[in-house]
Amino acid sequence: MVFCRLKWFIGFGSRDVLTKASRSSNRSTSLIWRCYHRTPGSFLDPEMRAFLEENTEVSSSGHLTPEIRLRLLTPRCRFWQERADLWPYGDPFWAIYWPGGQALSRYILDNPDAVRMGSVLDLGSGCGATAIAAVMSGASQVHANDIDPIAGMAMVLNCELNNVNPFPILTKNIIDTELDKWDLIVLGDMFYDEQLANSLHHWLRKCIRTHGTKVLIGDPGRPQFLGHRIHSQLHKVVEYSLPESTRQENNGLTSSIVWSYQP
Ligand SMILES: C[S@@+](CC[C@H](N)C(=O)[O-])C[C@H]1O[C@@H](n2cnc3c(N)ncnc32)[C@H](O)[C@@H]1O
C-alpha cells in the first residue's frame, strides 16, 4: 500500500528513499519551469496529467487550510490500498499534505506580513501548499524546490485548482549548492532523515549568515527533528492542533509547530 509505505519511511528514517529519490532526480531533467508563467499548465504531458488526475482526489478538508484545494492520495484512491510496487514512479510524498506544511501554510495565510517582505523559497515543497499559501498572501516572488519531478507536476495542477499563477519550480537538489538570496525559506516536514537534517542545518545556517535570510520550519514533533541539534536553536512561533484525520494518518501526532531558526 503506497500510503502505508510513505508513513513507514517518515516514521522510521528514510535514507534509502532519499538516496533513491536523489538518484532518480539526477537522471531526470532538472529544470526551472519558468515557462509556466507564460503558458500555465501547457507544459504538462497530457498522459501525466491524466495519471495524476486519475490517481488523486481533490481535497479541501481534513487539513489546516480548507481554503487551499489539493490533489492528494485519499482512501478513495486506487493506490491507497494497492500494492506499492505497482506505483510506477518514485514514492509520492507530494500526494500527502504533511502536518509540518499544514502548520506553515496556516501561519502564512493568517500572517501575510510574514511573506510580503519579499522572495520566498518553499524547500521540499511536495504538493506545493505552502508555496501556494505564500502566493495567496501576497509574496512578491515565490519559488518551489523539490527533487521529485512528479511533485513539480502535481504543484502545477494544484496551482490551477487554486487559481494561482504557477511559480517557478526547481527540481534539482540545491542543498549544499551556491547560495541564491532568499528573504524567507520555509520548510515543512523536512527533518525526517538524519543525513538530510544535517545538510539542511548546515545550508540554512549559511543562508542566514550570508544573506540574512529568515527561516521558518514546520514540524509536528517527529523524533528525528526533536533529537537533532538544530532544535535547540529554534524559537517557537505558533502551535496548531491537528485535525482528526491528520492525527490518524500521522500515528497520533496531535499538533504541529512553526519554528523560527535563529542560530
Ligand atoms: C515529507 S515531504 C513534505 C512536503 C511538504 N513540505 C509538506 O509539508 O506537505 C518531504 C518532501 O521533500 C522532498 N525532498 C527530499 N529531499 C529533498 C532535497 N534534498 N531537496 C528538495 N526536496 C527534497 C521530497 O521529495 C518530499 O516531497
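Guide: A residue is called buried if 20 or more other C-beta atoms lie within 10 Å of its own, exposed if 12 or fewer do, and partly exposed in between, with C-beta atoms placed from the backbone. The model is predicted: local features need pLDDT of at least 70, side-chain atom pairs count only at pLDDT 80 or more, and totals for chains, interfaces and linings use all residues. Residues are numbered from 1 along each chain as its sequence is written.

Visitor: Is Asp176 buried or exposed?
Guide: Helices (H or I, at least four residues) and strands (E, at least two) are DSSP runs, numbered from the N terminus. Asp176 sits in the loop between strand 5 (169–170) and strand 6 (184–188), and its phi is positive, near 75°, although the residue is not glycine. Because Asp176 has 11 C-beta neighbours inside 10 Å, it counts as exposed.

Visitor: What is the phi of Asn251 near?
Guide: Asn251 belongs to the loop between helix 11 (244–249) and strand 9 (255–261). Asn251 counts as exposed because it has 11 C-beta neighbours inside 10 Å. Its phi is positive in a residue other than glycine, near 50°.

Visitor: What share of the residues of the protein count as buried?
Guide: The protein has 11 helices and 9 strands. Of its 263 residues, the part that counts as buried is 44%.

Visitor: In what order do the strands of the open sheet stand?
Guide: Two strands pair if DSSP finds at least two bridges between them. The open sheet has 7 strands with mixed pairing, in the order 5-4-3-6-7-9-8.

Visitor: Which residue in strand 6 does Asp122 stand opposite?
Guide: Strand 3 (residues 119–123) pairs with strand 6 in the parallel sense, over 4 bridges. In strand 6, the residue opposite Asp122 is Val186.

Visitor: What is the hand of the β-α-β crossover from strand 6 to strand 7?
Guide: Strand 6 and strand 7 (residues 214–219) run parallel and are joined by 5 bridges, with Gly188 opposite Gly218. Between these strands the chain passes through helix 9 (residues 194–211). A crossover is right-handed if, with the strands pointing away from the viewer, the path from the first strand over the helix to the second runs clockwise. This one is right-handed.

Visitor: How many residues of strand 6 are buried?
Guide: In a regular strand the side chains alternate between the two faces of the sheet. In strand 6, Leu184, Val186 and Gly188 on one side and Ile185 and Leu187 on the other are all buried. The count for strand 6 is 5 of its 5 residues.

Visitor: How many residues of helix 7 are buried?
Guide: Helix 7 spans residues 129–136 and is mostly covered. Its buried residues include Ile132, Ala134 and Val135.

Visitor: How far apart in space are Arg116 and Ala139, C-alpha to C-alpha?
Guide: Arg116 is in helix 6 (residues 113–116) and is partly exposed, because 14 other C-beta atoms lie within 10 Å. Two residues are in contact if their C-beta atoms, placed from the backbone, lie within 7 Å; leaving out residues up to four places away in sequence, Arg116 touches Ser137, Gly138 and Ala139. Arg116 and Ala139 are 23 residues apart in sequence, and their C-alpha distance is 4.5 Å.

Visitor: Which residues come nearest to the ligand?
Guide: Helix 2 (15–27) and helix 5 (99–110) each supply at least two residues of the shell. A residue is near a molecule if its C-beta atom, placed from the backbone, lies within 6 Å of it. Of the 26 residues around the ligand, those that come nearest are Trp98, Gly101, Gly124, Gly126 and Gly188.
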